[in-house]
Amino acid sequence: MVVSTYSENKTAGNSSNNMGVNKELKKKSVYHTKDLNLWYGTDHALKNINLEINEREVTAIIGPSGCGKSTFIKTLNRMVELIPVVKISGDILYRERSILDKSYKVEDLRTNVGMVFQKPNPFPKSIYENIAYGPKIHGIRNKKVLDEIVEKSLRGAAIWDEVKDRLNENAYGLSGGQQQRLCIARCLAIEPDVILMDEPTSALDPISTLKVEQLVQELKKDYSIIIVTHNMQQAARISDKTAFFLNGEVIEFDDTNKIFSTPSDQRTEDYITGRFG
Amino acid sequence: MKYVDTTQVQKKMSSRLLTNRIAKTLFLLATLFGLLVLVVLIYRVFSQSLGWIDFDFLNNRLSTNPERAGIKGAIMGTMWLMLVVAPVTLILGVGTAIYLEEYAKKGRLQAFIQMNISNLAGVPSIVFGILGLTIFVRGLNLGAVVLAGGFTMALLVLPVVVVASQEAIRAVPQFLREASYGMGATKWQTIKNVVLPAAIPGILTGVILALSRAIGETAPLVVIGIPAFIIPLPDGLLDKFTVMPLQIYYWTIDSALVDEYANLAAATIVVLLLVLFIMNSIAVLIRNKFQRRF
């Protein structure tokens with residue numbers, strides 16, 4: 001049912017990015033889920049998820065509403081635990097270490113794994129304070145260091161030129177698309193290893209969406225990105241791997257090119273050709 | 001065939017419209033009644049206090065002679081009382097609210113505590129007076145001093161502050177907390193840096209409204225034994241004191257003996273109303289200034 005295609009890719013080397021075969025071989029996995037099951041009360045939301053997610057790639061999670069894709073991505077940084085009735089079984093390895101282990105502190109995990117949410121959610125503070133928030137909670141007080149982090153993060157999220165003259169203005173004065181890139185910058189400020197994006201463009205207009213998509217392409221050079229999207233064209237445009245979720249199961253997980261050209265499961269084909277969902 | 005008969009509809013139209021107007025008039029009368037009572041009250045108070053409020057009235061100590069009597073002692077007593085009530089309710093009230101909203105697991109215990117806080121808000125103030133008398137005045141042997149009165153009042157208004165703070169904390173959108181947790185912040189860092197700054201206007205509004213209730217309360221202080229006549233001004237937490245509403249109360253009963261005492265009571269009411277009006281305005285201002293930035 002659920003097959004990780006990781007080993008096949010290593011030999012095939014025909015992933016959508018243009019890296020050579022040698023580099024492809026060295027690609028390490030950043031996340032590895034083993035028989036992951038999750039329940040909301042009695043509702044079985046994730047069923048036997050076995051995925052291996054590579055570093056420095058964009059992995060897209062697609063599927064119809066309610067298929068568990070948001071739940072899955074929120075499990076990867078244990079954000080799902082904010083809901084009190086959640087029960088999890090199986091295991092999730094992040095960089096070979098189980099994140100469900102009691103000794104793994106969520107604060108530690110979330111410092112390595114940043115998250116960008118569906119709706120832009122800047123703090124009602126200045127642009128500067130939004131970016132400096134993460135470094136500050138991790139104990140950085142030096143104003144000069146903070147200044148540098150703020151500039152670097154805003155540049156990283158391709159929004160520096162738009163906001164550099166108004167860093168002390170409230171972030172709520174920005175447009176929706178700018179707010180979302182600000183949130184991405186805020187996420188970069190903690191210098192994460194992985195960035196989780198939960199439908200980051202669903203609340204944005206087409207031009208802002210394009211900017212975020214271009215940004216994702218840039219970011220994948222330095223970060224591993226897992227992105228949930230409702231938009232199949234978006235998955236096809238920006239991801240290297242795609243996982244298709246349906247009713248809490250992974251139906252197919254493969255190179256994005258393959259999923260969108262020759263899917264091996266009928267249900268995947270039905271979904272991407274728009275026959276349901 | 002049509003279900004709606006046009007002639008029937010026409011026939012009933014005028015009676016429907018009449019009922020409509022009667023309803024409107026009734027509700028208007030209900031509103032006017034309250035307004036009328038308020039106007040009469042304010043007119044009576046102001047007309048009686050006319051000519052009695054001046055600098056001497058505000059600056060003189062208490063006296064049996066109505067011409068020389070002033071409420072400086074009562075004003076200072078009220079201020080000292082607030083100096084105790086404000087920090088105690090703020091710390092205990094906001095602390096309780098944070099615990100209940102952010103830390104406590106939503107279960108039976110939490111529901112039980114919640115229900116009791118709501119019930120506490122409905123306990124008559126005189127009962128709090130008895131509590132204060134038992135614990136602070138006699139139990140801790142403080143006597144009828146500022147500290148004892150302040151603690152008693154703080155307990156009385158605590159439920160109001162807890163509930164208002166809880167509502168303010170609950171109104172902080174979950175996505176702001178998620179943003180903070182998502183960057184590896186601890187719960188306390190999230191509360192301190194995100195939740196409280198966003199909830200502060202609501203909390204302050206609640207605290208100010210609670211304080212203005214404490215300023216007007218009389219019964220608990222009568223019970224803990226504030227003397228009817230006290231000339232020295234309080235200048236410490238362990239001094240005996242009186243407050244404006246108590247002074248109003250005693251002058252009103254004694255106005256049977258000396259007519260002018262009624263005027264003194266009215267003048268004190270005006271001063272008290274003015275203080276309450278200013279405090280409530282500040283609460284409204286805070287609420288409007290910080291309303292819904294998300």
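Predicted model: local features only at pLDDT ≥ 70, side-chain atom pairs only at ≥ 80, totals over all residues.
Where does Tyr31(A) have its place? The residue belongs to strand β1 of chain A, which covers residues 29-40. If neighbours within four places in sequence are set aside, Tyr31(A) is in contact with Ile53(A), Leu76(A), Ile92(A), Leu93(A) and Tyr94(A). There is also a pairing across the sequence to mention: Ser224(A) is 193 residues away from Tyr31(A) along the chain, yet their C-alpha atoms are separated by 9.8 Å.

One of those contacts, Leu76(A), leads us to helix α3 of chain A, residues 69-76. This helix is mostly covered, with eight of its eight residues buried. The buried residues of α3(A) include Phe72(A), Ile73(A) and Leu76(A), and also Lys69(A) and Lys74(A). After α3(A) comes Arg78(A), which has a positive phi, near 60°.

I turn now to the two chains together. In chain B, 17 residues are in contact with 19 residues of chain A. Which helices of chain B each supply at least two residues of the side that touches chain A? They are α7, residues 174-181, and α8, residues 187-216. Of the elements on that side, α7(B) gives the most, with five residues. By residue class, the side of chain B that touches chain A divides into nine nonpolar, five polar and three charged residues.

Thank you for your attention.

How values were computed:
Residues numbered from 1 in each chain as written. Chains lettered and ligands numbered in written order. Buried ≥ 20, exposed ≤ 12 C-beta atoms within 10 Å, placed from the backbone. Helix = DSSP H or I, 4+ residues; strand = E, 2+ residues; numbered from the N terminus. Contact = placed C-beta atoms within 7 Å. Nonpolar A, V, L, I, M, F, W, Y, C, P; charged D, E, K, R; others polar.
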